[in-house]
2 protein chains.
Amino acid sequence: MATLADVAKKARVSPATASRIISGSNKRVTDQLRARVLAAVEELQYVPNANAQSLARMQRSAIGVIVHDVSDPYFAEITRGLQRIATENGRLVIICNSYRDPERELEYVELLRAHQAAAIILAGSGYHDNQFAKSLSQKLDVYERSGGRVTVIGRHQHATDAVMPANESGGYLAASELFRLGHKHVGVIAGPKALTTTTDRLAGLRRAAKDSGRRLMRTVYAEFDRDSGAEAAAELMDSYPNLTAIAALNDSMAIGAMALLRQRGISVPQRVSVIGFDDMPIARDVTPALTTIRLPLSDIGATAMKLALESGQRDRPPRIVEISCEVVRRESTAPPA
Amino acid sequence: MATLADVAKKARVSPATASRIISGSNKRVTDQLRARVLAAVEELQYVPNANAQSLARMQRSAIGVIVHDVSDPYFAEITRGLQRIATENGRLVIICNSYRDPERELEYVELLRAHQAAAIILAGSGYHDNQFAKSLSQKLDVYERSGGRVTVIGRHQHATDAVMPANESGGYLAASELFRLGHKHVGVIAGPKALTTTTDRLAGLRRAAKDSGRRLMRTVYAEFDRDSGAEAAAELMDSYPNLTAIAALNDSMAIGAMALLRQRGISVPQRVSVIGFDDMPIARDVTPALTTIRLPLSDIGATAMKLALESGQRDRPPRIVEISCEVVRRESTAPPA
DNA sequence: AGATGGACGGAAAGGGCTTTCCCTTAGATA
DNA sequence: TATCTAAGGGAAAGCCCTTTCCGTCCATCT
C-alpha cells in the first residue's frame with residue numbers, strides 16, 4: 001500500500017507539500033509541484049489512510065446509525081432518508097443493526113465512539129429497562145462530553161436532539177377511526193411490551209377508547225413482524241370470535257393478520273376491519289389495501305440526520321422535532337356489518 | 001476524551017502495560033496491575049481510539065458493503081444475511097448505497113480502501129459500461145494488491161470470489177412456467193438495460209421461448225421499482241391488449257404491474273397471469289399472492305460474507321458459488337382463459 | 001543598493017496506540 | 001550461597017498523516 005511518503009519521494013517533494021496538495025489546505029503550492037505530485041498519486045494509485053488522517057486531524061467525519069433492523073421496511077425507509085442527507089453532505093454512514101438487543105446497542109455505542117464517529121443516531125424505540133436505559137445514558141453522556149453528537153428517533157430517555165413520531169396521537173387516530181366507523185368490538189395487536197413505541201401507541205388507542213366511551217376488547221402482544229402478527233390475530237379471533245375490527249400497531253403485523261383472516265375465510269373489511277400503523281410502501285399493494293396511520297419515515301430520517309449534522313454549540317437545550325401522523329384510508333376498513 | 005496515557009497514569013503503570021491489559025496481548029500481566037487498570041478504564045469510561053489502533057496494528061477489521069439501495073427489499077434481505085455472519089465474527093459492517101450510480105460506486109471503493117476495510121463486498125448487478133467496468137477493475141486490483149479482499153454478488157466482470165444467482169436459468173424457469181400453463185401472448189417487464197441482471201434474466205426468458213417454440217411479444221424496460229413496473233404494464237397492455245401473461249424481472253415491478261391491472265379492472269390471474277422474480281417477503285402477501293422465482297437472498301448475503309472472511313491465500317483461483325433458483329407457485333398465475 | 005515583506009517549501013512535532021527490545025526481579029537449581 | 005532462568009514491566013520506536021513554525025528566495029520599495 002503506497003503511503004504519502006512514497007508519493008512525496010516519487011514527486012521529489014517533502015511529505016508536507018504532498019499532503020497540502022492531496023488533502024487540500026489553504027496554503028498555496030506552485031503548479032509545477034502540484035502536477036508532479038498529482039502524477040505520482042495517479043501512478044501509485046495512492047489513497048490517504050483515513051485512519052491516519054482522522055488521527056492527525058482530530059476531526060471526526062463518519063456518522064453512526066444504530067437501528068433495530070435495516071431489513072425491516074420501517075427502518076429501511078428511515079435509513080433511506082438518513083443516507084440521502086448524509087450523502088449530500090459528503091458524510092459516510094455506518095449502519096449498525098441491534099436486532100432489538102439492548103446489549104448489542106450498548107456495544108455499538110462504544111464501537112462508534114471508538115471509531116470517532118462525529119455523531120450517533122439511535123433510531124427506533126427504546127426499551128423499558130431502567131438498568132439498560134441508565135447504562136445507555138451514561139455511555140451517551142461520555143460520548144457527548146468528548147464532543148460527539150447524539151440524535152434519537154422516537155425515544156424518550158436521553159436528553160438530546162430528538163425526532164419524535166407522534167406515536168400516542170397516532171394511536172389515538174387509529175382507534176378513533178375504528179370507533180367513528182361504528183366498531184364496538186375492537187382487538188389490538190401490540191408490539192413487544194418492552195418497547196416504548198408499543199406503550200405510546202397503545203396509550204393513544206386507550207385514550208381514544210375512553211373519549212369515545214368504548215373499550216378495547218383484548219390486546220395481544222406480538223413481535224412487530226408479520227408472522228407474529230398472524231399468530232396474534234389467531235389468538236384474538238379465537239378468544240373473541242365476534243370481533244369486528246383489529247388495530248395492529250404496525251403494518252407488518254396488520255399484514256400478517258390479514259393473511260390469517262384470509263386463510264380462515266374471514267373477509268376484510270366485510271367481517272373484520274384492519275388498520276395498521278406506519279404506512280410502509282407495501283401497505284397499498286396488499287389486498288384489500290391497508291388503511292393505516294402514515295408516518296413520513298424517510299423525512300424522519302432526513303430530519304434526524306440534519307439535526308445530527310448541525311454542529312451547534314454544546315450546551316443549548318435539546319431540540320425536539322415532533323412528527324405528526326395522519327390517517328390513510330384505504331380498503332381494509334369499513335363500518336361493521 | 002480519555003486516552004490510554006490517562007488510564008496508565010491513573011493506574012500507575014506504563015502505557016505498554018495498560019495496552020496489554022485492555023487490548024489483550026499474549027503477554028501476561030499480574031492480577032494486581034490488571035485490576036488497577038481495569039478500574040481506571042471503568043472510571044474514565046475509556047474506549048481505545050479505533051483509528052489509532054488500526055494504524056498501529058496495521059491490521060484491518062471492518063467489512064465494506066456496497067449495495068444499490070438498502071431500502072430495496074432485495075438488498076435489505078441480502079444485507080441481513082451479510083450482517084448476520086459479520087456479527088457472528090465480530091466484524092463491523094459499513095454499508096454504502098450507490099443508488100445505482102457507477103460513479104458513486106467507484107468513490108465508495110476508494111473510501112473503503114482509505115478506511116482500511118478488510119474486505120469489500122459489491123452486491124447487485126454490474127453495469128454494461130466498459131469504461132466504468134475498467135476503472136472499477138483497476139481500483140479493485142489495487143485494493144487487492146494491498147491486501148484487501150473483494151467478493152461480488154451477481155456480477156461478472158471482476159475476477160474474484162463471487163456469489164452468482166442463477167439469473168439466466170431463473171429467467172428460463174419463469175418463462176417456461178408461463179409456457180407450460182399454455183400462454184402464447186407473453187409480455188416482459190425488464191429492468192434497466194444497463195444492468196447485467198436484466199440481460200441475464202432476459203436471456204433466460206428468450207432461451208425458454210426458443211425451446212418452447214414460442215416468442216415473447218414485447219419487452220418494456222423499467223427501473224426495477226414498483227411505480228415503473230406499473231407504467232411498463234400500462235405500456236404493455238396498451239400495445240398488446242390481448243396479452244395473457246406478464247413476466248416481470250423482479251417482484252417490485254410485478255407488484256406494480258398487478259396494481260395497474262387491478263386499477264384497470266383486469267383480473268389476475270383470470271385474464272392475465274403475472275410472474276415475478278426474487279421472492280421478496282411481500283410476494284406472498286399481495287393478492288393474488290405472487291408466483292415468482294425464489295432466490296434465497298439472505299443466504300446469498302451470508303455466503304458472500306463467508307467468502308469475504310475466509311482470509312485464504314492471495315493467489316488461488318477465484319471461487320464462484322452458484323445459487324440456484326426455484327419456482328414458487330402461488331395464485332397470480334393460471335392457464336389462459 | 002539595501003531593506004522589507006510575501007510566497008512557498010521543508011523539518012519536525014505530534015495524534016493515540018501497539019510492540020519490540022531490554023531491564024529488573026523473583027524463583028529455581030546446583 | 002551463588003548462578004541461571006523466566007516472567008513481568010517499561011522505554012521507545014513506529015504506524016501514516018497534518019500542521020505549525022521556520023528558513024529561503026525573490027520581488028518590491030525607498
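Helix H2 of chain B gives the most to the surface near DNA strand C, with six residues. The structure is a predicted model, in which local features need pLDDT of at least 70, side-chain atom pairs count only at pLDDT 80 or more, and totals for chains, interfaces and linings use all residues. Residues are numbered from 1 along each chain as its sequence is written, and chains are lettered from A and ligands numbered from 1 in the order in which they are written. Helices (H or I, at least four residues) and strands (E, at least two) are DSSP runs, numbered from the N terminus.

Of the 30 residues around DNA strand C, Leu4(B), Ala16(B), Ser19(B), Ser23(B) and Ala56(B) come nearest. At least two residues each are supplied by H2 and H4 of chain A and by helix H1 (4–11), H2 and H4 of chain B. By class, this surface has 18 nonpolar, nine polar and three charged residues; Ala, Val, Leu, Ile, Met, Phe, Trp, Tyr, Cys and Pro count as nonpolar, Asp, Glu, Lys and Arg as charged, and the others, Gly among them, as polar.

Around DNA strand D there are 29 residues, of which Leu4(A), Ala16(A), Ser19(A), Ala52(A) and Ala56(A) come nearest. Two or more residues each come from helix H1 (4–11), helix H2 (15–22) and helix H4 (50–57) of chain A, together with helix H2 (15–23) and H4 of chain B. The residues of the surface near DNA strand D divide into 17 nonpolar, nine polar and three charged.

The two protein chains also touch each other, with 35 residues from chain B and 35 residues from chain A taking part in the contact. Two residues are in contact if their C-beta atoms, placed from the backbone, lie within 7 Å. On the side of chain B that touches chain A, the elements giving two or more residues are helix H4 (50–57), helix H5 (73–88), strand S2 (93–97), helix H6 (102–114) and helix H11 (251–263) of chain B. That side of chain B has 18 nonpolar, 12 polar and five charged residues.

Chain A contains 12 helices and 12 strands. Its radius of gyration, taken over C-alpha atoms, is 25 Å, well over the 20 Å that the globule rule (2.2 Å times the number of residues to the power 0.38) gives for 337 residues, so chain A is more spread out than a compact globule. The C-alpha trace of chain A spans about 85 × 40 × 30 Å along its principal axes.

An automatic or database domain assignment divides chain A into domain 1 (4–57), domain 2 (63–165 + 297–323) and domain 3 (167–295). The C-alpha centres of domain 2 and domain 3 of chain A lie 28 Å apart. In the contact between them, 14 residues of domain 2 of chain A meet 12 residues of domain 3 of chain A. Helix H5 (73–88) and helix H12 (297–309) of chain A each supply at least two residues of the domain 2 side, and that side has seven nonpolar, five polar and two charged residues.

Two open sheets of chain A are described here, with strands taken to pair if DSSP finds at least two bridges between them. Six strands form a sheet in the order S2-S1-S3-S4-S5-S11 of chain A, with parallel pairing. Its edge strands are S2 (93–97) and S11 (320–323) of chain A, each of which pairs on one side only. Strand S1 (residues 63–67) and strand S3 (residues 119–123) of chain A pair in the parallel sense over four bridges, and Ile66(A) has Leu122(A) in S3(A) as its bridge partner.

The other open sheet has four strands in the order S7-S6-S8-S9 of chain A, again with parallel pairing. Strand S7 (216–221) and strand S9 (273–275) of chain A stand at the edges with a single partner strand each, so one side of each is left without a neighbour in the sheet. Three bridges join strand S8 (residues 245–248) of chain A to S9(A), and Ala245(A) has Ser273(A) in S9(A) as its bridge partner.

Some backbone features deserve mention. Most residues other than glycine have a negative phi, and most peptide bonds are trans. Arg100(A), in the loop between S2 and helix H6 (102–114) of chain A, has a positive phi of about 60 degrees although it is not a glycine. A cis peptide bond joins Thr287(A) and Pro288(A), with omega about -10 degrees; Pro288(A) lies in the loop between S9 and strand S10 (292–294) of chain A.

Technical notes
Near = placed C-beta within 6 Å.
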